[in-house]
Amino acid sequence: MSVVKKRKYNNDYIKNGFASIQKNGVDQPQCFICYEILSNDSMRAPRLERHLWAKHGALKEKQKEFFAARCDNLKRMKLDTAGSFAQTSEKVLEASYELLRLVSRTKKSHTIGATLVKPSLLKSTDIVLGSESKQKLSQIPLSDSTVKRRIDDVAEDIQNQLVTAVKQSQIFAIQLD
Ligand SMILES: [Zn+2]
């Protein structure tokens, strides 16, 4: 009888961009950028690194702290099953970006995300929908540092899109106002 050795999660994998999720008592690596769950057999640095480079090449220069922050976010979203976890965290991220967009439109300091928007949101939700819904919405990252990071992410994304578009076009003009 052959016994298949199960791989264990190691905190060093944070710098490869992976957290761990348990399925049927087995650790499986979960990417905390796209939330993809890989097999237990992929629980080794070269495999995880390959995912990071192949799917998130633009982020490869980022340091361990960046991943540690993402990992903290992921851990804060405590949910029971892998499926609803990924789904909810995607919604939470989407909400975070949408709220950021609203915050940026006010042309006020981005700190109002944490000081005004989130408390208002949670207070209303608690009153109208109850504490369970409030708990869910409290997962939406809107702290100063998160909003700052989102702004940087969005800026970087726009820059990448622009550079790609410029590279792909044969001619382009720059208009300055
Ligand atoms: Zn990924």
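Two strands pair if DSSP finds at least two bridges between them.

Hi everyone, and thanks for coming. What we have is a predicted model, in which local features need pLDDT of at least 70, side-chain atom pairs count only at pLDDT 80 or more, and totals for chains, interfaces and linings use all residues. Residues are numbered from 1 along each chain as its sequence is written.

Let's begin with the hairpin. Strand β2, residues 26–31, pairs with β1 in the antiparallel sense, over 6 bridges. Across that pairing, S20 stands opposite P29 in β2. There are 2 residues between the strands of this hairpin, and N24 takes a positive phi near 50 degrees. Now, most residues other than glycine have a negative phi. N24 is not a glycine, yet its phi is positive. Is N24 buried or exposed? A residue is buried with 20 or more other C-beta atoms within 10 Å of its own, exposed with 12 or fewer, and partly exposed in between, with C-beta atoms placed from the backbone. N24 has 6, so N24 is exposed.

Y35 is another case, with a positive phi near 65 degrees and again not a glycine. You will find Y35 in the loop between β2 and α1. Y35 has 17 C-beta neighbours inside 10 Å, so it counts as partly exposed. Look also at S89: it is 54 residues from Y35 along the chain, while their C-alpha atoms are separated by 8.5 Å.

Next, the core. By nonpolar core I mean buried Ala, Val, Leu, Ile, Met, Phe, Trp, Tyr and Cys residues joined through C-beta atoms within 7 Å. The largest one has 6 residues: F18, A19, C31, F32, L48 and L52. Contact means C-beta atoms, placed from the backbone, within 7 Å. Setting aside neighbours within four places in sequence, F18 is in contact with Y13, P29, Q30, C31, F32 and L48.

Last stop, helix α4, residues 112–128. Just after α4, G130 takes a positive phi of about 105 degrees.

Methods:
Contact = placed C-beta atoms within 7 Å. Helix = DSSP H or I, 4+ residues; strand = E, 2+ residues; numbered from the N terminus.
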